[in-house]
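Subject: Structure handover

Hello,

Here is the structure I promised to pass on. Please open it alongside this email; my notes follow below.

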Amino acid sequence: MKRRSFLISGGITAFFSGINFGFGAVKNVLPPNHPTGVFPPPEITDRLYQGPFINYGHAANVPGSDVVMTTTPVHGPVRNFGMGLVTYICDEVGPPKPKDGNLRNAIEKLAKWELGDVLYIRVDWRDIQKEAGKLDFPEHWNLTFEMAKKYGKRVAFRIQLMSPVIEPESIPDFLKEKVPMIKLGTTDEIGIKGKVHYVPQYDHPEFIKAFKEMDDLLAEKYNGHELLEYVDTCMYGFWGEGHTWPFEGNPLSDYYKTKNTFVEMFRYQANNWSKTPLTTNTQPDFNHVGNDEVLEETIRSYNWLRTDTIFIENSQIDILSNRPPWIGATIEQGITKGGKENLRVVDGIMRNENIISHVKDVGPTYFSLWNWHDIALENLLSYHKEHPKTLNEIAKNIGYKVRPSWIWSFEKEGYQGLVLGLVNDGIAGVPGALRIVVTDKEKTFLVSGSLDPGYPLPGKVRQAVLMLPKNINWEGLHLYAEIEIKGVKRPVKWACDQDLNEDGALVLKRNI
């Protein structure tokens, strides 16, 4: 589609220009030489000491530290919250359409596929709400949550406020009767050929009222839900949400009113989704409706980013690849099916190989397993069975993969201490704060603390000190990892080749 190759320089480029996304703060106090536009990290309350380290002399803080244990990288994928491959269950044109009509079976096959970590649903507003005051979810929505629980997967979703690929409007009929629809025109660039495209008057009081009610009902049920990974931000869509390409201009009455409307909508969502990350599209503010402001507020509120293709405007690549390390990012990109007629080989490189290499270049936390508008496990397998290396490689590297590569022990003033040299074998920073917990074998709590948000970075070592209670020996202790996002702590599996306990603990022992 031509919209996928359209290039435009938007205001967001200027917004990010010259901003240093680095983070070197101690106890979350930004150094005075940071630019005024720097994004501060989320607050942590129990920061571990992370250097500098002095081994010798009167100022030594880790005197005589000695490497007592090491770990090496795990060979395969690791499944943790805040990262993974996203299996699409439903996109703009709906869920799978199996020839035998067995929707349950089709969704279960997708959910069961071991390569996927997260199940993704994209539905229109009308699909989840038929009348004011209550939600009514479709069969494929309920099946997705059921199968996620059955197969140990998680769920992410988007609620579309408008869409070019369905005949009715995305908003429910009860709302369409109250809210004016603004005509955009017709185009063959997107959606159904010959369709007249409309957008709802987003700033209409009845629209805002109904939107807030819908988001309230969703958040009441799913904010912090054990199976929920992230929720896509509802916003005006140049593409992404709504796909209003190629219609130019602001279809609403006033730029400032429109901008304030979408900023207000985002703030409402951010307040509702206090425990679950939102993912905001990095799409340019082509129509001047406030997308730049929404994107800035997304990062400042520690929510995440997404984009609809990897072959996209330079501004989106810049934002994604230079985001703060504690911000997650999901890349949506349709991949080809198998068979020579689909592989689209150029210069000896298959289309999917080209996609994966560019996905890795921007270091996201998620990537889509998706055949555009043709969802079925058979389509994904038709490629993976012929060329397993491509998808297996991104499965192995996507997101963060943390482990204590070095473990030093030392003694200071009668106390034993540990220094963990933590590394990240993935391609993204930790989308939150990594917490370390040490217990004895009876799981009696001993000590814990957090790294700076985003750390360890890929290809870098982040050291942290843990001082043990007096008369406690380090050997035989259990080392756990957690990730804290929006105040919620979730377990993290170490990405090491060494054996872990069933509960995810690495038992400390001398192995070097």
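Thr309 is buried, because its relative accessible area is 4% and the cut-off for burial is under 20%. Keep in mind that this is a predicted model. Thr309 sits in the loop between E9 and helix H9 (314-321). What does its side chain reach? Another is the side chain of Gln333, through a polar contact of 2.5 Å.

Glu313 belongs to the loop between E9 and H9 as well. Is Glu313 buried or exposed? Glu313 counts as buried, since its relative accessibility is 0% and anything under 20% qualifies. Its side chain makes a polar contact of 2.6 Å with the side chain of Gln316.

Now the strands that lead up to that loop. E8 pairs with strand E9 (residues 304-307) in the parallel sense, over 3 bridges. Within that pairing, Thr280 has Leu305 of E9 as its bridge partner. E8 also runs parallel to E7, and 2 bridges join these two strands. There, Asp232 stands opposite Thr279 of E8. Together, E8, H8 and E9 form a right-handed β-α-β unit.

Next, helix H7. H7 covers residues 255-272, 18 residues in total. From first C-alpha to last it reaches 26 Å, close to the 26 Å expected at 1.5 Å a residue. At the start of H7, a side-chain oxygen of Asp254 comes to within 3.1 Å of the backbone nitrogen of Tyr256. Which residues of H7 are buried? They are Thr258, Lys259, Thr261, Phe262, Val263, Met265, Phe266, Gln269 and Asn272. Note that Lys259 is on that list. What do the buried residues of H7 pack against? Their partners are helices H6 (205-222) and H8 (291-300), plus strands E7 (228-232) and E8 (278-281).

One residue elsewhere deserves a look. Val86 is in strand E2 (residues 84-90). Val86 is buried, because its relative accessible area is 1%, against a cut-off of under 20%. Leaving aside neighbours within four places in sequence, Val86 is in contact with Val118, Tyr120, Tyr230, Tyr366, Phe367, Ser368 and Leu369. Gly290 lies 204 residues from Val86 along the chain, and their C-alpha atoms are separated by 28 Å.

Finally, the whole chain. The protein chain has 12 helices and 19 strands. Its C-alpha atoms fill a box of roughly 80 × 50 × 50 Å along the principal axes. The radius of gyration is 24 Å, which agrees with the value near 24 Å for a compact globule of 512 residues. Of the 512 residues, 57% count as buried. Take contacts between residues at least 6 apart in sequence: 76% of these join residues at least 24 apart.

Best wishes

Terms used:
Residues are numbered from 1 along each chain as its sequence is written. This is a predicted model: local features need pLDDT of at least 70, side-chain atom pairs count only at pLDDT 80 or more; totals for chains, interfaces and linings use all residues. Side-chain values use heavy atoms; hydrogens and water are left out. Helices (H or I, at least four residues) and strands (E, at least two) are DSSP runs, numbered from the N terminus. The expected span of a helix is 1.5 Å times one less than its number of residues. Buried means under 20% relative accessible area, exposed over 50%, partly exposed in between (1.4 Å probe, protein chains only). Contact means heavy atoms within 4.5 Å. A polar contact is a pair of N or O atoms within 3.5 Å; within protein, one must be able to donate a hydrogen and the other to accept it, and residues adjacent in sequence count only if both atoms are side-chain atoms. Two strands pair if DSSP finds at least two bridges between them. A crossover is right-handed if, with the strands pointing away from the viewer, the path from the first strand over the helix to the second runs clockwise. The radius of gyration is taken over C-alpha atoms; the globule rule is 2.2 Å times the number of residues to the power 0.38.
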